[in-house]
Amino acid sequence: MIEVSDLKKYYSNGLIKKQYTRAVDGVSFHIEKGETLGLVGESGCGKTTVGRLLLHLIEPTSGKIMFDGIDLIALKRSELRKLRPRMQMIFQDPESSLNPRMKIGESIAEPFRLGLRGKICTHEIKRQIQDLIEIVGLNPEHVNRYPYQLSGGQNQRVVLARILAINPEFIVADEPTAALDVSVQAQILHLIMNLKKDFGLTMLFISHDLEVVRHMSDRIAVMELGRIVAVDSVKMDDCKRSV
Amino acid sequence: MALLDITDLKTCFPSPDGLVKAVDTVDLHIDKGERLGLIGETGCGKTVLGLSIVRLLQATTRIDGRILYNNIDILKASDGKMRQLRGREIAMILQNPTTSLNPVLKIGDQIAEAISLHQGYMRKEAWSKAVEMLEAVKIPDSAERAHQYPHELSGGMRERVMIAMGLACNPNFIIADEPTKGLDARTKAQIIDLIHETTSKKALLIITHDLGVAGTICDRIAVMYAGELLEEASSDLILNDPLHPYTRGFINSLPSRGLVPIPGTSPSLIDPPQGCRFHNRCPQAAKICSKKHPTLMEIEKGHKVRCLLYN
């Protein structure tokens, strides 16, 4: 489903004496349909940059990204916009990815109101939101709350509900539990695993916690200084050695 | 003799919806040189307990009970006395260094401020002491780094600065609130080592939700839930032979112990559930659990648990 070859992203600074930071330096991998690829590495090794490049949220310096047979880099803006609903991202900090002035229900309703799911009437939207709220394990009363009134774990559930509202095929999860507690982390990870199964999602799961990645992924890629140094099916020892 | 002795501590905040009982009847003691870990979920009141000890809560907070530090009654001490204690005797390493450090002051100045205030050094001497402290927490090129501002440092570096600031006046008791939050695995291990080294022979209270951190640093662990202590024992016992269903659930939700979540969410601190506060999430709950409120009982020597299963 995803095919990445020789992806590079350099950041430059300085006008006369140009210096380059090689955030991602020649990364190649592929993700099969329905598979979860785990991406582990220390902070600053470029794993978040890879996630963002994959959704073409930032422009790569060079390289090729194929999404379901479509070359993402070559696409025009308008074509890319049409493709975007098929791929989504879960960010680290749920509070900053929700609009603080929108009620939870409005946030989840946005994909419907933007017409990403075709034309549906207000009544139907309401029903759909109720369903989604239930799927991610929130209470109906939460619909009228604001993000600051919910806990981190609950907000991450809202983010998940909103993503499901778009009905994507591919999700990049960038440390979705970094801001959460151990016990809440377990709840959210289980939810993500179940949703992935139920909705047949393909996923790139980014984390610095090898244990978490091992639970979540079918295969693991280890990143170091902008390069992938090992890709393997879930075998702890190999990964431990390379991390 | 206990260095810190807390009895019947209650800390409440008034809120529009009612009184938030963040800490509810907590008894805790820490001996000289002992390292105690306080663990629990977000919002269980562990940070508030830490802040109550140094009295750093807003004026509207109601604190009842007694906190004795070296025979000084902290809740009755004057503000001037407290200012003397904070930093010199009891240091608090606050959570989240990004917001706890002053963004417009050089880190050297921030550490020097505490040193000159408590130990009466002149500006220059205080600065060189600050550089020494940065060196002690293993910040490379400490003399140059002292001139930098917090935004120029990485998360791990900032945490080191916080630790340097806490240790600057050589306190006897240190409270560290979530010292490893938001750090990656390798940096976390380094910070744990650093805390281990720099605080040897000092009493330490580590507030964390990370059992791994508590397990490696602490002698004893207290588990907090909805404002109450549920279990208290040596680190070994808590990690390998926990008694309370909540502690078991908490340990099993670790990725390395199977990643099994505890169902449900922690209760409101305004109106906590009747009976045992954990009963509606507890896999072993019986009928009586929703009616009778268990007390913290000593089951074996040094192992206290608040659960009707063991009464």
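A crossover is right-handed if, with the strands pointing away from the viewer, the path from the first strand over the helix to the second runs clockwise. In this predicted model, strand 7, helix 7 and strand 8 of chain A form a right-handed β-α-β unit.

**Strand 8 and its neighbours**
- Strand 8 of chain A spans residues 202-207.
- Strand 7 of chain A (residues 170-174) runs parallel to strand 8 of chain A, and five bridges join the two.
- Within that pairing, A:Val172 has A:Leu204 as its bridge partner.
- Strand 3 of chain A (residues 36-40) also pairs with strand 8 of chain A in the parallel sense, over five bridges.
- Here A:Gly38 stands opposite A:Phe205.

**Burial of strand 8**
- Six of the six residues in strand 8 of chain A are buried.
- Side chains in a regular strand alternate between the two faces of the sheet.
- One side of strand 8 of chain A carries A:Thr202, A:Leu204 and A:Ile206, and all are buried.

**Contact with chain B**
- In chain A, 16 residues are in contact with 18 residues of chain B.
- Helix 7 and helix 8 (210-216) of chain A each supply at least two residues of the side that touches chain B.
- Helix 7 of chain A (residues 182-199) gives the most to that side, with six residues.
- The side of chain A that touches chain B has four nonpolar, eight polar and four charged residues.

Methods. Residues numbered from 1 in each chain as written. Chains lettered and ligands numbered in written order. Predicted model: local features only at pLDDT ≥ 70, side-chain atom pairs only at ≥ 80, totals over all residues. Buried ≥ 20, exposed ≤ 12 C-beta atoms within 10 Å, placed from the backbone. Helix = DSSP H or I, 4+ residues; strand = E, 2+ residues; numbered from the N terminus. Pairing = 2+ DSSP bridges. Contact = placed C-beta atoms within 7 Å. Nonpolar A, V, L, I, M, F, W, Y, C, P; charged D, E, K, R; others polar.
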